[in-house]
There are 2 protein chains.
Amino acid sequence: MTLPAEFSLIARHFRPLAGEGALNLADDAAVLDLPPGQQLVIAADAMVAGVHFLPDDPPGTIGRKLLRTNLSDLAAMGAAPLGYLMTTAFPKGTPDGWVADFAAGLATDQAEFGLSLLGGDTVSTPGPLSLSLTILGSCAPGRALRRDGARPGDQIWVSGSIGDGTLGLAVLHGRLPADGEGFLADRYRLPRPRLALGQALSGLASACMDVSDGLVQDLGHLCRASGCGARLLAADVPLSPAARAALAADSALLPRLLTGGDDYELLFAAPPEATPAVEAAARAARAPVACIGQFFAGVPAVTVLGSDGAEMALPKGGWSHF
Amino acid sequence: MTLPAEFSLIARHFRPLAGEGALNLADDAAVLDLPPGQQLVIAADAMVAGVHFLPDDPPGTIGRKLLRTNLSDLAAMGAAPLGYLMTTAFPKGTPDGWVADFAAGLATDQAEFGLSLLGGDTVSTPGPLSLSLTILGSCAPGRALRRDGARPGDQIWVSGSIGDGTLGLAVLHGRLPADGEGFLADRYRLPRPRLALGQALSGLASACMDVSDGLVQDLGHLCRASGCGARLLAADVPLSPAARAALAADSALLPRLLTGGDDYELLFAAPPEATPAVEAAARAARAPVACIGQFFAGVPAVTVLGSDGAEMALPKGGWSHF
């Protein structure tokens with residue numbers, strides 16, 4: 001009996017990604033042991049061509065983006081990665097070389113982040129390429145970072161730089177001039193999950209999440225989970241040199257930087273007295289961090305203050321699918 | 001700040017499904033403890049409207065079908081369910097009532113099978129409804145049933161009845177007269193994961209898998225994993241009364257029953273001396289089982305013998321997406 005093409009595709013491209021516990025992707029499920037005494041931390045994200053990435057993005061970056069957005073969720077919890085499962089719905093006629101490049105990108109990131117494929121499913125779709133990935137990680141019992149621990153008086157911190165992803169998408173759409181090095185497009189295509197920082201913040205930050213749907217909207221989620229208000233100082237939000245250059249050319253971009261998606265940085269809370277420890281953790285994790293405001297007792301809402309001290313009016317809260 | 005519609009949709013329809021460890025679906029990931037001393041068993045399946053289910057299937061059965069096909073994977077490993085994550089890509093404009101019915105179906109099955117939603121993602125798609133579900137279960141260390149343990153001389157067993165799902169699809173497509181009670185369509189829409197049987201077979205069956213892509217093709221997978229051949233007696237394959245009636249009306253349906261998908265029964269191997277124990281396990285699990293052939297030393301291939309003892313020619317091996 002000749003095997004259907006589906007199994008050949010899995011064998012060629014996905015089996016080489018399989019790790020311990022995956023049973024060579026040839027069984028009904030993966031079987032694995034958690035590190036002794038650890039809790040399981042698990043999250044899932046989906047991506048659809050034309051919604052979460054551009055259909056003509058290089059195939060090697062598409063799988064990596066999905067893997068990295070999921071790793072960013074683990075980072076936000078302070079967890080260490082264990083492995084992942086992935087389901088792929090490919091349009092019929094997807095070239096074999098495309099799938100090979102897609103898998104090669106995943107292999108690169110598996111090596112970089114130290115995890116492997118545990119299982120999944122490969123199906124066809126009459127619609128656009130659709131991907132779903134479930135990430136597994138672990139952390140010490142009770143040490144997972146949560147969104148609901150911010151307290152009035154805590155400072156608001158963010159890692160890295162904000163707004164690059166949304167500018168990168170504008171560059172790829174031709175609505176913004178490209179920066180020389182392609183830094184912005186790269187930031188849109190390849191998030192940098194802050195795994196080391198997240199783990200270093202465990203036990204230190206009072207609340208943490210990753211910024212995926214826009215800084216202001218996501219800070220609003222953290223406020224609602226924690227039951228306090230937040231005051232954000234726009235001038236203190238860290239920007240990359242490329243974003244600074246774009247903003248210098250068009251100051252009207254600022255609201256977009258603060259509300260656009262695809263940052264995948266960590267947004268966290270810590271009491272002021274923890275500042276030296278936060279800065280030491282960031283240095284150890286080689287992740288820049290910046291204090292961008294403070295939580296206060298009040299209705300769970302975000303106030304953004306411009307450099308003139310006045311409240312900024314922001315056109316929309318962030319990305320929504322519906 | 002008004003919350004985007006996406007979060008409202010999640011809060012209305014999916015938050016009520018969330019269980020312990022899901023952190024109310026309001027954090028970046030779920031955090032859970034495995035039952036002490038157990039291994040994690042984990043699998044993922046995807047479904048696309050028009051490929052895995054009919055776009056006009058009742059919404060209440062669609063989520064349940066995906067959950068049950070995943071539970072069937074746990075059953076095949078002899079594992080007990082813990083929880084699940086689900087990502088949904090809804091076409092824009094999906095009516096709220098549709099999502100409510102979809103979620104209500106999941107709630108019904110959560111109660112029946114004793115598990116809850118742990119996390120996921122809700123996105124939009126310009127294509128057909130696409131769903132992905134990751135199921136988590138557990139089993140005692142080293143007790144997971146595998147596909148690679150069948151040995152020459154072992155008997156081939158299958159649970160329940162074979163071919164109902166593919167006939168049900170034909171009924172729903174109007175290519176086959178409906179049976180009076182709607183049994184066949186129901187079998188296509190709502191698989192019955194054999195969880196109790198799978199757990200009862202742990203330590204007893206030498207190999208096990210679930211039949212999802214057609215009995216003959218899936219038996220071929222088991223042969224390849226185990227490195228032996230299989231001889232299947234078509235006359236011994238258990239059929240439901242509805243399938244028997246369809247076959248009586250059109251004997252040419254037999255190959256379709258043996259190769260069509262959507263059975264979600266357990267296919268397993270056991271040495272002949274284990275027969276009394278297998279039958280006792282099946283009785284305890286309230287799952288009928290039938291011996292349908294035997295494994296032998298030889299190339300990993302399936303021979304199907306008809307009631308005349310001659311080898312049957314089967315038109316295709318089973319379902320493939322590509």
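**Exercise 1. Find the partner of A:Asp27 in a salt bridge across the two chains of this predicted model.**

Solution. 
- Start at the side chain of A:Asp27 and look across to chain B: the side chain of B:Arg147 meets it in a salt bridge.
- Check the distance: N to O is 4.0 Å, and the rule asks for a nitrogen within 4 Å of a carboxyl oxygen.
- Now widen the view: the rule finds six salt bridges across the interface of chain B and chain A.

**Exercise 2. Describe the contact between chain B and chain A.**

Solution. 
- Count residues: 66 come from chain B and 66 from chain A.
- Turn to area: the two chains bury about 5700 Å² between them, with 63% of it on carbon and sulfur atoms.
- Ask where chain B contributes: strand S2 (residues 39-48) of chain B gives the largest share of its side, nine residues.
- Sort that side of chain B by class: 36 residues are nonpolar, 17 polar and 13 charged.

**Exercise 3. Work out how strand S2 (residues 39-48) of chain A pairs with strand S1 (residues 30-32) of chain B.**

Solution. 
- Recall that strands of a sheet pair through backbone hydrogen bonds, either parallel or antiparallel.
- Here the two strands run antiparallel, joined by three bridges.
- Pick one position to look at: A:Val41 stands opposite B:Val31.

**Exercise 4. Trace the six-stranded open sheet of chain B.**

Solution. 
- Follow the order S7-S9-S6-S10-S8-S11, with mixed pairing.
- Step from strand to strand: the twist averages 25°.

Key
Residues numbered from 1 in each chain as written. Chains lettered and ligands numbered in written order. Predicted model: local features only at pLDDT ≥ 70, side-chain atom pairs only at ≥ 80, totals over all residues. Heavy atoms only, no water. Contact = heavy atoms within 4.5 Å. Buried area = accessible area lost by both parts, 1.4 Å probe. Helix = DSSP H or I, 4+ residues; strand = E, 2+ residues; numbered from the N terminus. Nonpolar A, V, L, I, M, F, W, Y, C, P; charged D, E, K, R; others polar. Pairing = 2+ DSSP bridges. Axes fitted to C-alpha atoms, helices over the stretch in contact; angles between N-to-C directions.
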